[in-house]
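Here are my notes for you to read alongside the structure. Keep the 3D view open and look up each spot as you go.

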Amino acid sequence: MVGLGDNNNPSCQNNISSKAKDKKKNKKKKRGGSKRKMTAEQTSAFKSVTEWVYLDRHHHPNSSSTAGLSSWVVDDFGVQKSLGRGMEKMVFELHSHSKHSDGFLSPSKLVERAHGNGVSHRAWVKVLALTDHDTMSGITEAVEAARRFGIKIIPGVEISTIFSPRNPEMEEPVHILAYYSSCGPTRYEELDKLLANIREGRYVRAKDMVLKLNKLKLPLKWEHVTKIAGKGVAPGRLHVARAMVEAGYVENLKQAFARYLYDGGPAYSTGSEPLAEEAVQLICETGGLAVLAHPWALKNPIPIIRRLKDAGLHGMEVYRSDGRLAAYNDLADTYNLLKLGGSDYHGRGGHGESELGSVNLPVVVLHDFLKVARPIWCSAIKDILEGYAKEPSDTNLAKIARFTRMGSFKGSTPSSCGKDLIDRCLASWLTAEEQQNDEFEAIRLKLSHATINLSGVQVPIETK
């Protein structure tokens with residue numbers, strides 16, 4: 001989501017009626033709801049989800065027997081909670097932003113906050129998707145920080161696109177979330193080129209916003225906006241809004257968007273976004289899962305969802321911190337899409353923002369997500385490994401460890417370096433069964449004859 005604006009766009013608010021919420025369930029939520037044992041379906045889903053979450057760890061809630069499961073219950077929404085640890089929840093946070101786009105926190109601080117919220121709120125973020133706007137530059141830092149807290153990072157990105165039907169009046173911005181495996185996109189250069197073009201367009205767009213504000217007798221300075229955005233960060237609406245607040249032209253961010261920066265507002269401007277269908281297709285072609293972000297911000301969601309489904313869309317956001325939106329839940333059912341959600345956390349602070357990890361995704365929803373995503377990710381990892389096995393170059397090695405700092409392998413012996421690399425990138429992502437199929441065995445055989453060029457030293461890859 002582009003900062004605060006899309007949540008406070010008047011047209012967005014009109015699109016969200018009171019009927020769109022599960023009122024009855026929300027009332028139960030306020031009273032605390034009921035706690036009950038998991039059904040057979042929930043138990044099976046819970047086992048599968050926790051297996052993936054704890055792949056690289058020896059102990060997890062169902063590692064020894066089903067006895068551990070008896071301490072887990074579900075509430076009225078099917079959200080799993082542990083009776084044995086102060087009613088804590090295991091949380092998937094699938095929508096968050098850092099300073100690499102328009103967030104306020106660095107990736108490492110974002111991860112620390114996700115961990116800290118578990119301590120203070122008993123909502124343990126075990127899986128965190130960093131989905132910065134039009135960049136994946138913060139993933140490596142997030143992955144390194146997450147290892148300290150036992151958090152699994154899903155490399156993600158929120159892509160700014162445009163829906164452009166034949167009727168120009170129906171054109172509107174659409175944001176697509178992409179979720180990738182530990183190795184990232186299979187054709188990273190192609191995706192990165194698309195994202196770079198969008199970021200360049202964001203500079204042009206932000207400058208145009210400043211010019212429009214100047215014409216509206218608000219002498220905002222471009223240097224002020226770029227200073228807030230930070231070095232190398234493409235400025236967005238939120239950066240412009242923050243500059244307006246600091247300059248005293250508006251009282252707060254909400255007012256900046258409501259008066260000037262909302263979609264179609266007097267200071268609104270478009271960039272060089274690709275067509276939404278093209279972005280979805282590219283995500284699918286590069287080993288990612290494509291999900292429509294905050295559909296409640298769209299003026300005409302139905303034709304957009306219909307066209308994106310035809311392009312390969314996997315899911316859409318249905319859950320928010322204030323519950324499940326029934327209208328969009330029904331749309332997801334109609335088009336056979338995964339029902340997901342995330343806090344869209346930016347780190348602004350204040351009452352207007354949902355907290356990191358505040359969206360309660362039922363365990364069955366998490367299972368459905370992984371059931372679709374894992375085969376896609378497994379295939380992508382296989383393709384990236386196969387590329388290196390065929391041509392063991394530094395370039396192809398970088399694709400395996402795209403989000404891993406090679407400095408972390410310093411001190412490894414030649415016999416273990418290759419194994420450490422493969423284990424770190426794969427063991428936390430694929431089950432033993434997924435890694436031991438015929439295709440991976442063939443890749444291992446090729447890798448056994450390959451070497452890694454590490455600091456000028458050719459190191460044989462140990463694959464056993």
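1. Before we start, one term: a contact means heavy atoms within 4.5 Å. With that in hand, look at Ile154. Leaving aside residues up to four places away in sequence, Ile154 touches Trp52, Leu94, Val127, Leu128, Ala129, Leu130, Tyr179, Tyr180, Phe369, Trp377 and Trp429.

2. Keep in mind that this is a predicted model. Its average pLDDT is 82, and 77% of the residues score at least 70. Where pLDDT is low, the predicted coordinates should not be read in detail.

3. Back to Ile154: which residues have the most contacts inside the largest nonpolar core? They are Phe92, Ile154, Tyr179 and Phe369, in a core of 98 residues. Helix H14 (residues 363-390) gives the largest share of this core, 13 residues. Domain 1 (91-162 + 170-181 + 288-361) and domain 2 (372-449) each supply at least three residues to this core. Another core lies apart from it, with 21 residues, including Ala206, Leu238, Ala243 and Tyr260. As background, nonpolar side chains in soluble globular proteins tend to be buried together.

4. Next, find Ala145 in helix H6 (residues 139-146). Is Ala145 buried or exposed? Ala145 counts as buried because its relative accessibility is 2%, and the cut-off for buried is under 20%. Not counting residues up to four places away in sequence, Ala145 touches Ser108 and Val111. Leu110 sits 35 residues from Ala145 along the chain, and their C-alpha atoms are 9.2 Å apart.

5. Now for a helix pair. Helix H11 (residues 276-285) packs against helix H12 (residues 301-311) at an angle of about 35°, and their axes are 9 Å apart. The crossing of H11 and H12 is right-handed. On the H11 side the contact uses Ala276, Glu277, Val280 and Gln281, while H12 brings Arg307, Leu308 and Ala311.

6. Last, two loop residues. Lys217 isn't a glycine, yet has a positive phi of about 70°. You'll find Lys217 in the loop between helix H7 (188-215) and helix H8 (222-229), and with 73% relative accessibility it counts as exposed. Asn336, also not a glycine, has a positive phi of about 55°. Asn336 lies in the loop between helix H13 (326-334) and strand E11 (338-341), and counts as exposed because its relative accessibility is 62%.

Notes:
Residues are numbered from 1 along each chain as its sequence is written. This is a predicted model: local features need pLDDT of at least 70, side-chain atom pairs count only at pLDDT 80 or more; totals for chains, interfaces and linings use all residues. Side-chain values use heavy atoms; hydrogens and water are left out. A nonpolar core is a set of buried Ala, Val, Leu, Ile, Met, Phe, Trp, Tyr and Cys residues joined through side-chain atoms within 4.5 Å. Buried means under 20% relative accessible area, exposed over 50%, partly exposed in between (1.4 Å probe, protein chains only). Helices (H or I, at least four residues) and strands (E, at least two) are DSSP runs, numbered from the N terminus. Domain bounds come from an automatic or database domain assignment. pLDDT is the predictor's confidence in each residue, from 0 to 100. Axes are lines fitted to C-alpha atoms, for helices over the stretch in contact, and angles run from 0 to 180 degrees between N-to-C directions. A crossing is left-handed if the near helix is turned anticlockwise from the far one by less than a right angle, and right-handed if clockwise.
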